[in-house]
Amino acid sequence: LAPAATAQNVLVIYTADSQGANEALAEALAAGAGDAGADVRTRLATEATYAEVRDWADAVALGAGVANGSPSPELMAFVDGWDVTDDFSAKTGAAFATGGGAEAGVQPVVEALHRALFTFGFTVVGGSSWESGEGAAGVFGDAGWNSTKAAAAAQGAKLSRVAGVLRRTAANSSSAAAPPGFGESWRGNVATNMTAAGYDAGEVLVNFTGSCGSDPATQRAKTVYGDFYTVLTRCDLGREYTIAPASRGGDCA
């Protein structure tokens, strides 16, 4: 029996705020991801490590408050320390945000976090409905706060599912067997009819014989067409010979 697949790893990184709003959304998102089968870790941006992002996480969710219209600087300082040469195209990303007002920069913060994730090749997912299309975002304590937390949980579940698909796809791609080669010595026969409108080519028959070692400079091949026109390719001699039948002039070059 094949070993059971391991769960996808979801890392939630967020910044602290005086009201605990980002932490509340981080916990809701983490719970949603966990309910969808993920192994989840939550980290403050000041405590997270790049090694977890690079070596452990299949998915990373970034959450921040609004600071003068931009994401909290401690989160961006952490992201700025990532190595841009690392390829995270097999990882999934998401963003969430909280702010002091609905029009006080919450959505631009989510979009800024998306751009950071895109820079490193993440496949970025948003929320699960049109109300949270780019990701869970809201104002702590307002009338829609419970809905914002529910959106974060749904986003976490979606993040987990997409990360699982990408993880399985990457695993299947890396384990796929390479197609077999021709081998050092091989033969092949081709038969086809090349007749097309206005051109009566008839049957075309080609027989191939090759000796292809690992060094291209020593390879040899013989190609024989249906009328016995023959091409000898001798890479080991640096020459190619043609032997033509009478129908082609009967020459040898």
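A charge is taken to sit over a ring if NZ of Lys or CZ of Arg is within 6 Å of the ring centre and within 35 degrees of the ring normal.

**View 1. Arginine 41 over tryptophan 56 in the predicted model.** The charged end of arginine 41 is placed over the ring of tryptophan 56, at 4.0 Å from the ring centre.

**View 2. Lysine 91 over phenylalanine 88.** Here the charged end of lysine 91 sits over the phenylalanine 88 ring, and the distance to the ring centre is 5.5 Å.

**View 3. The aromatic pair of tyrosine 50 and phenylalanine 88.** The count of aromatic pairs comes to nine. In the pair of tyrosine 50 and phenylalanine 88, the ring centres are 6.2 Å apart and the planes lie at 50°, so the pair is tilted. The pair links distant parts of the chain, 38 residues apart. Tyrosine 50 belongs to helix H2 (residues 50-56), while phenylalanine 88 lies in the loop between helix H3 (73-80) and strand S5 (92-99). Tyrosine 50 and phenylalanine 88 are both buried.

**View 4. The edge-to-face pair of phenylalanine 78 and tryptophan 82.** The rings of phenylalanine 78 and tryptophan 82 are 5.9 Å apart, centre to centre, with 90° between the planes. Buried means under 20% relative accessible area. Phenylalanine 78 has a relative accessible area of 12% and is therefore buried; tryptophan 82, at 6% relative accessibility, also counts as buried.

**View 5. A cluster of aromatic rings.** Tyr50, Phe78, Trp82, Phe88, Phe120 and Phe122 are linked into a cluster by ring pairs.

Conventions: Residues are numbered from 1 along each chain as its sequence is written. This is a predicted model: local features need pLDDT of at least 70, side-chain atom pairs count only at pLDDT 80 or more; totals for chains, interfaces and linings use all residues. Side-chain values use heavy atoms; hydrogens and water are left out. Rings of Phe, Tyr and Trp (its six-membered ring) pair if their centres lie within 6.5 Å; planes under 30 degrees apart count as stacked, over 60 as edge-to-face and the rest as tilted. Helices (H or I, at least four residues) and strands (E, at least two) are DSSP runs, numbered from the N terminus. Buried means under 20% relative accessible area, exposed over 50%, partly exposed in between (1.4 Å probe, protein chains only).
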